Amino acid sequence: MAQIVRGLEDPSAEVLATAAAAFGLLAAAPRLHIMWALAQGESDVSALADRVGGALPAVSQHLSKLKLAGLVRSRREGRRQIYYVGDPDVVTVVRVLVGRLSQRAGEPLAPTAGLQGTGA
């Protein structure tokens, strides 16, 4: 039975499990970096590998996991597979978390203008 505290009802076990799975995927720094990069615009795997500093097969594997979870989507453009954000709400969570941690570390905030799916 869900409890209600301060007017908020506890989420169902199913919702919490889905959220935990999404957070689990984003717990890997390369996947978090990929989501950050895709929040700024579509990209193919080669450009993402260059940007995140990963080997092409590893980045491709990360993208596959993110795609299976619905966090990333893709479309074919000729021979290239173009990846983009599949869940704009996840971009908001990533942007807020990375922004707050950047502030705490004394780093300049990353620009948020143009982040896909955030309304920024």
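Which helix gives the largest share of the lining of the largest pocket? The share belongs to H1, with seven residues. The model is a predicted one, in which local features need pLDDT of at least 70, side-chain atom pairs count only at pLDDT 80 or more, and totals for chains, interfaces and linings use all residues. Residues are numbered from 1 along each chain as its sequence is written, and side-chain values use heavy atoms, with hydrogens and water left out.

The protein has five helices and five strands. These elements are DSSP runs numbered from the N terminus (helices: H or I, at least four residues; strands: E, at least two). Along the sequence they follow the pattern β-β-α-α-β-α-α-β-β-α. Of the 120 residues, 28% count as buried. Buried means under 20% relative accessible area, exposed means over 50%, and partly exposed lies in between (1.4 Å probe, protein chains only). Among contacts between residues at least 6 apart in sequence, 49% join residues at least 24 apart. Contact here means heavy atoms within 4.5 Å.

The largest pocket has a volume of about 210 Å³. A pocket is an open set of points on a 1 Å grid over the protein atoms alone, with protein on both sides within 12 Å along at least five of seven lines; in a cavity, by contrast, a 1.4 Å probe fits but cannot get out. Grid points are joined across faces, edges and corners, and the volume is the space filled by probe spheres set on the points. The lining of the largest pocket comprises 14 residues; a lining residue has an atom within 4 Å of a point. Thr-18, Ala-19, Ala-22, Leu-71 and Val-90 lie nearest the centre. By class, the lining has 10 nonpolar, two polar and two charged residues. Ala, Val, Leu, Ile, Met, Phe, Trp, Tyr, Cys and Pro count as nonpolar, Asp, Glu, Lys and Arg as charged, and the others, Gly among them, as polar.

Helix H2 (residues 29-39) and helix H3 (residues 45-52) have axes that come within 10 Å and cross at roughly 120 degrees. Axes are lines fitted to C-alpha atoms, for helices over the stretch in contact, and angles run from 0 to 180 degrees between N-to-C directions. The crossing of H2 past H3 is right-handed, the term for a near helix turned clockwise from the far one by less than a right angle, with anticlockwise giving left-handed. From H2, the contact is made by His-33, Ile-34, Trp-36, Ala-37 and Leu-38; H3 supplies Leu-48, Arg-51 and Val-52. Six of these residues are nonpolar, one is polar and one is charged.

Ala-49 is also placed in H3. This residue counts as buried because its relative accessibility is 7%. Beyond four places in sequence, Ala-49 touches Gly-54, Leu-56 and Val-59. The C-alpha atoms of Ala-49 and Val-59 are 5.9 Å apart, across 10 residues of chain.

Ser-43 is found in strand S3 (residues 43-44). At 14% relative accessible area, Ser-43 is buried. Neighbours within four places aside, Ser-43 is in contact with Leu-38, Leu-48, Gln-81, Ile-82 and Tyr-83.

Lys-67 lies in helix H4 (residues 56-68). Its relative accessible area is 38%, so Lys-67 is partly exposed. Outside four places in sequence, Lys-67 is in contact with Val-72, Ser-74 and Gln-81. Lys-67 and Tyr-83 are 16 residues apart in sequence, with a C-alpha to C-alpha distance of 8.9 Å.
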